[in-house]
Amino acid sequence: MAEFTPSEIALLCGGPERVAQCALLALYERRRVRVSKATRRVTVVEHIADDAVQAALLDEVPDSGFPLGHVLSAVADSPEVASVAGALAARGLVRRGVRGRIRLTLKGRAARRELRATAGSSASTGLAALKRDAASSPVTAFAALGPTAVEDAKFRHALEAEDFKPVSLPHDWAKTAQRNSELERSHIPDGQYLYY
């Protein structure tokens with residue numbers, strides 16, 4: 001079997017979003033980023049990247065942090081992830097489908113089945129056949145199997161949860177809030193509730 005990088009395994013087994021998640025996990029494992037479980041916010045600790053996808057992720061996050069969903073979407077649509085797809089296309093494993101989406105070829109689907117089976121096996125030939133170095137094994141397992149392969153429950157929960165939606169307030173919320181606070185301070189009953 002040909003040797004794949006974790007980004008290539010992620011693209012074959014989970015698509016562009018998984019490539020971004022893999023880069024995030026690699027940075028998280030090396031304590032270069034923090035991911036808040038409660039707010040799903042990514043903040044950068046160190047601006048050191050091991051590959052182009054990790055560099056794109058670090059560039060996407062401002063100093064104040066950014067919501068996880070937005071970061072992953074932006075990195076999945078980045079030219080760095082497209083170059084990973086281009087390398088796999090040159091090997092005949094993927095092609096561009098309808099609307100530019102990445103599609104696996106027959107050869108790519110066979111490689112995906114083999115990668116998932118190898119990653120899921122507990123044999124000594126399992127992930128050892130996939131990884132380039134020992135430090136990438138958690139990332140490689142995540143690339144092939146998805147969030148279920150992540151041992152860190154906090155990180156897994158942050159990946160599986162959805163971003164918070166902004167609260168939509170009524171148009172005149174400031175006037176209403178000011179009026180209510182004035183009424184509370186004056187201890188005068190609101191006129192609309194005086195008569196039944």
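1. Arg-34 stands opposite Thr-43 in strand S2. Strand S1 (residues 33–35) and strand S2 (residues 41–44) pair in the antiparallel sense over 3 bridges, and Val-33 faces Val-44 in S2. Strands count as paired if DSSP finds at least two bridges between them. Helices (H or I, at least four residues) and strands (E, at least two) are DSSP runs, numbered from the N terminus.

2. The model is predicted: local features need pLDDT of at least 70, side-chain atom pairs count only at pLDDT 80 or more, and totals for chains, interfaces and linings use all residues. Residues are numbered from 1 along each chain as its sequence is written, and side-chain values use heavy atoms, with hydrogens and water left out.

3. S1 and S2 form a hairpin with 5 residues between them. In its turn, Arg-40 has a positive phi of about 55°. On S2, the antiparallel pairing with strand S3 (residues 66–67) runs over 2 bridges, and Val-42 stands opposite Phe-66 in S3. The 3 strands form an open antiparallel sheet in the order S1-S2-S3. S1 and S3 are the edge strands, each pairing on one side only. Strands of a sheet pair through backbone hydrogen bonds, either parallel or antiparallel.

4. As a whole, the protein has 9 helices and 5 strands. From the N terminus on, the elements run α-α-β-β-α-β-α-α-β-β-α-α-α-α. Of the contacts (heavy atoms within 4.5 Å) with a separation of 6 or more, 58% join residues 24 or more positions apart.

5. Of the 196 residues of the protein, 35% count as buried. Buried means under 20% relative accessible area, exposed over 50%, and partly exposed in between (1.4 Å probe, protein chains only). The accessible surface comes to about 11,900 Å², of which 53% belongs to carbon and sulfur atoms. These areas come from the Shrake-Rupley method with a 1.4 Å probe; for residues, only the protein chains shown count as cover.

6. The largest nonpolar core has 45 residues. Such a core is a set of buried Ala, Val, Leu, Ile, Met, Phe, Trp, Tyr and Cys residues joined through side-chain atoms within 4.5 Å. Phe-4, Leu-12, Leu-24, Val-33, Val-35, Leu-68 and Phe-155 touch the most other members. Helix H2 (residues 16–29) gives the largest share of this core, 9 residues. In soluble globular proteins, nonpolar side chains tend to be buried together.

7. Leaving aside residues up to four places away in sequence, Val-35 touches Leu-24, Tyr-28, Arg-41, Val-42, Leu-68, Lys-154, Phe-155 and Ala-158.

8. In helix H4, the residues Leu-68, Val-71, Leu-72, Val-75 and Ala-76 are buried. Seen down the axis of H4, its buried residues fall within an arc of 125°, so they line one face of the helix. The arc is that of the directions from the helix axis to the C-beta atoms.

9. Ser-78 lies in the loop between helix H4 (68–76) and helix H5 (79–90). Ser-78 counts as buried because its relative accessibility is 9%. Its side chain reaches the backbone oxygen of Val-75 at 2.7 Å.

10. Ser-7 is found in helix H1 (residues 6–14). Ser-7 counts as buried because its relative accessibility is 11%. Not counting residues up to four places away in sequence, Ser-7 touches Val-19, Asp-51, Val-53 and Val-84.

Terms used
Polar contact = N/O pair within 3.5 Å; in protein donor to acceptor, adjacent residues only side chain to side chain.
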